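Q: I have a protein model open and would like to walk through it. Can we take it piece by piece?

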Amino acid sequence: MKHDIWFNGKLVPYEEATIHVLSHVVHYGSSVFEGIRCYNTERGSAVFRLPEHMRRLVDSAKIYRMEIPYSQETLEAASLETIRNSGLEACYIRPVVFRGTGKMGVNPLNNSVETVIAVWEWGAYLGEEALAEGVDVEVASWNRMAPNTFPALAKAGGNYLNAALVKMNALKNGKMEGIMLSTDGFLAEGSGENLFLVRDGKIYTAPVGLSILPGITRDAIVTLARERGYTVEEKLLPREALYIADELFFTGTAAEVTPIRSVDHYQIGEGRRGPITEELQEAFFDVVHRGNDPHGWLTFIDESEKEFEPTAAAALAL
């Protein structure tokens, strides 16, 4: 089913949400965007970390000198309006800001800035079975971009040309995903996910300085892990650390918390979801599926459902 799209301040029918072929974004990749999920929790439909996502969208636009003609609060309200209009109880939300028509050429400063919010149904990004069984991945032949080449803190459309090469190669090689290294050979991230490594009960992830996207789900998992007594460290790790890890997992809005069962045909742990991954997965799903939200991460579509009484499990995190 095709749902209305919020386009420059108003909802328009799906078929009318179009752009011109000479829009700057078509030729130069000049867009910034977000990926957000609305979950059908046991307490009602709720968006996961909506303010944080919209702040990052605004920040991304600022980095690329795009002046969004709407406030962050307006964008948040527009997202909720679009979801309500769709009738979906759970959905993926895609806000995107892009350079539109104007004089052609690399310089985008005189082109229009367009703002769009669309929603659609989207299940587990790497497959429902992957959440328990894990995925097979490879180390990508393409590196993550170096610092001071593209601004990695911005979630920009053009940045994902790199990611698309990684994803396509992985699929062509019979894998679900690729893990990128930095230009110095350290572990960075997947094509569209952050990466975590578990070794001897400690959890490691790449530092932001390696041009990774500082993921919002990544931040949530770090918080949930530390609340449960785990040490989480941002650290430079070489490629071979993957092969001797006890557990590996991806995080992201689309991937949520997805275990990795093999890398380059090396089995990781028992070859399926490990115990720490499972514990963190359960903690994450307790928030987004059951609505146990001591952190205030959920924005409910129906404001009457936002009052939170923590369960015994959730109270442990307070």
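Q: Let's start with V137. Where is it found?
A: V137 is found in strand β8. Keep in mind that this is a predicted model.

Q: Is V137 buried or exposed?
A: V137 counts as buried, because its relative accessibility is 0% and the cut-off for buried is under 20%.

Q: Which residues is V137 in contact with, leaving aside its neighbours within four places in sequence?
A: There are several. K175, E177 and I179 are among them. F250 and I260 are also in contact with V137.

Q: Next one. Where does G174 sit?
A: G174 is in the loop between α5 and β9, and β9 covers 177–181.

Q: Buried or exposed?
A: G174 is exposed. Its relative accessible area is 60%, and exposed means over 50%.

Q: What separates G174 from E138?
A: Along the chain, 36 residues. Their C-alpha atoms are separated by 9.4 Å.

Q: Let's zoom out. How many helices and strands are there in the protein chain?
A: The chain has eight helices and 17 strands.

Q: What does the radius of gyration say about 318 residues?
A: A compact globule with 318 residues would have a radius of gyration near 20 Å. The protein chain has 20 Å, so the two agree.

Q: What does the C-alpha trace span along its principal axes?
A: About 55 × 45 × 30 Å.

Q: How much of the chain is buried?
A: Buried residues make up 53% of the 318 residues.

Q: What share of the contacts with a separation of 6 or more comes from residues 24 or more positions apart?
A: Such pairs account for 70% of those contacts.

Q: What about charges? How many are positive and how many negative?
A: The chain has 30 positive and 44 negative charges. Their mean positions are 6 Å apart.

Q: Back to single residues. Where is Y39?
A: Y39 is in strand β4, residues 36–41. Y39 is buried, with a relative accessible area of 7%.

Q: Which side chain does the side chain of Y39 make a polar contact with?
A: The side chain of E256, at 2.6 Å.

Q: What else does Y39 touch, not counting residues up to four places away in sequence?
A: Its partners include G44, S45, A46 and F48. E89 and A90 are also among them.

Q: How far is Y39 from A283?
A: In sequence, they are 244 residues apart. In space, they are 15 Å apart, C-alpha to C-alpha.

Q: Now T217. Where is its place?
A: T217 is in helix α6, residues 216–227. T217 is buried, at a relative accessible area of 3%.

Q: What does T217 touch, not counting residues up to four places away in sequence?
A: F48, E256 and F284 are among its partners. The list also includes T251, G252 and T253.

Q: What about N159? Which loop?
A: N159 is in the loop between β8 and α5. Here β8 spans 135–139, and α5 spans 160–172. N159 is buried, with a relative accessible area of 5%.

Q: Which backbone oxygen does the side chain of N159 reach?
A: The backbone oxygen of A154, at 3.3 Å. Leaving aside neighbours within four places in sequence, N159 is also in contact with residues including Y64, M145 and F150. P151 and A152 are among its contacts as well.

Q: Last topic: phi. What is the value for S211?
A: Near 65 degrees, a positive value in a residue other than glycine. Most residues other than glycine have a negative phi.

Q: And what is phi of H265 near?
A: Phi of H265 is near 70 degrees, also a positive value.

Q: Where are their loops?
A: S211 lies in the loop between β12 and α6. H265 is in the loop between β15 and β16.

Notes: Residues numbered from 1 in each chain as written. Predicted model: local features only at pLDDT ≥ 70, side-chain atom pairs only at ≥ 80, totals over all residues. Heavy atoms only, no water. Helix = DSSP H or I, 4+ residues; strand = E, 2+ residues; numbered from the N terminus. Buried < 20%, exposed > 50% of the residue type's maximum accessible area, 1.4 Å probe, protein only. Polar contact = N/O pair within 3.5 Å; in protein donor to acceptor, adjacent residues only side chain to side chain. Contact = heavy atoms within 4.5 Å. Rg over C-alpha atoms; globule rule 2.2 N^0.38 Å. Lys, Arg positive; Asp, Glu negative; His and termini not counted. Charge placed at Lys NZ, Arg CZ, Asp CG, Glu CD.
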